[in-house]
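The following note sets out points for discussion on the model shown below. Each point takes up one residue, one space or the chain as a whole.

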Amino acid sequence: MDFAIAWKLLYRERGVRVIRILIVDDEKPICDLIDMNLSAAGYQCESVQDGLEAIARIEKGGLDLILLDIMLPGADGYDILDYIRPMGIPVIFITAKHEVKDRVKGLKLGADDYLVKPFDVVELVARVEAVLRRYNKTEQHLTAGDVVVDVEARRVTKGGKPVILTNKEFGLLLLFMKNKNVALFREKLYETVWEGEYFGDSRTLDLHVQRLRRKLGWEHNLVAVYKVGYRLEVPQ
């Protein structure tokens with residue numbers, strides 16, 4: 001079966017709960033960048049560029065997380081956070097305000113995390129996942145085509161059959177599946193999975209990626225990105 005068809009069918013059949021995220025930032029290019037990367041990671045995103053529009057959307061309900069800029073027209077991020085707090089919706093500030101006093105103020109007011117622009121896309125996805133996990137909103141099963149990962153049990157199946165992976169291979173697989181369609185830098189992959197500094201020797205990483213391709217039948221899906229690293233390509 002075609003990879004794209006298999007991915008869509010499996011996703012629908014499993015009835016995976018979609019996590020809905022509201023992005024509030026007055027710069028549309030930033031909203032689009034965040035939307036693109038979080039959508040690739042499996043989240044459903046909406047965006048607004050005005051504080052009052054954000055409040056109107058929040059009132060409609062159905063949101064699992066809000067990514068919130070501080071400097072906004074209509075109502076600033078602090079006002080919106082004060083409005084959100086009784087609803088129990090997690091909030092991550094994403095802002096250019098980088099001084100320690102700004103971070104302390106945001107966290108003391110009730111933000112769950114604080115990310116300073118410019119930010120790394122992989123770090124953004126990781127922080128989103130961490131906050132959602134604290135609120136028990138994360139999906140414990142990741143899917144791509146006929147590959148399914150039970151995160152908690154550390155179990156991988158392909159077409160319903162178990163796939164045996166080493167710890168490093170499993171770590172790489174999680175990174176790729178949590179960042180679908182995102183080009184991941186070699187140094188980021190190495191430093192995250194091997195938990196050490198990357199010195200430019202990619203042989204170890206390349207060998208693990210090659211084995212992962214063979215075991216999962218991803219020769220055409222786990223692609224090398226020139227002068228960057230690797231990307232797991234799945235249909236949007």
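1. In which loop is the place of Ile164? In this predicted model, Ile164 sits in the loop between β9 (161–162) and α7, where helices (H or I, at least four residues) and strands (E, at least two) are DSSP runs numbered from the N terminus. Ile164 counts as exposed because its relative accessibility is 67%; buried means under 20% relative accessible area, exposed over 50%, and partly exposed in between (1.4 Å probe, protein chains only). Leaving aside neighbours within four places in sequence, Ile164 is in contact with Glu169 and Lys215, contact meaning heavy atoms within 4.5 Å. Its C-alpha atom is separated by 16 Å from that of Leu142, 22 residues apart along the chain.

2. On conventions, residues are numbered from 1 along each chain as its sequence is written, and side-chain values use heavy atoms, with hydrogens and water left out. As this is a predicted model, local features need pLDDT of at least 70 and side-chain atom pairs count only at pLDDT 80 or more, whereas totals for chains, interfaces and linings use all residues.

3. The secondary structure of the chain comprises nine helices and twelve strands. The radius of gyration is 19 Å, close to the 18 Å that the globule rule gives for 236 residues, so the chain is as compact as a globular protein of that length; the radius is taken over C-alpha atoms, and the rule is 2.2 Å times the number of residues to the power 0.38. The C-alpha trace spans about 55 × 45 × 30 Å along its principal axes. Of the 236 residues, 49% are buried. Among contacts between residues at least 6 apart in sequence, 59% join residues at least 24 apart.

4. Leu115 lies in strand β5 (residues 113–116) and, at 4% relative accessibility, counts as buried. Not counting residues up to four places away in sequence, Leu115 touches Phe93, Ile94, Thr95, Glu123, Leu124 and Arg127. The C-alpha atoms of Leu115 and Arg103, twelve residues apart along the chain, are separated by 8.7 Å.

5. One cavity of 30 Å³ or more is present. On a 1 Å grid over the protein atoms alone, a cavity is a set of points where a 1.4 Å probe fits but cannot get out, and a pocket is an open set with protein on both sides within 12 Å along at least five of seven lines; lining residues have an atom within 4 Å of a point. The largest cavity has a volume of about 30 Å³, a volume being the space filled by probe spheres set on the points, which are joined across faces, edges and corners. Its lining consists of Ile23, Val24, Asp25, Ile34, Leu67, Leu68, Asp69 and Ile94, with β1 (20–24) and β3 (65–68) each giving two or more residues.

6. The second largest pocket holds about 250 Å³ of space. It is lined by 14 residues, of which Gly171, Leu174, Leu175, Lys178 and Thr192 are the closest to its centre. At least two lining residues come from each of α6 (121–134), α7 (167–178) and α8 (186–193), and α7 supplies the largest share, five residues.

7. Asn179 lies in the loop between α7 and β10 (184–185). Is this residue buried or exposed? Asn179 counts as buried, at 3% relative accessibility. Leaving aside neighbours within four places in sequence, Asn179 is in contact with Val122, Val125 and Leu184.
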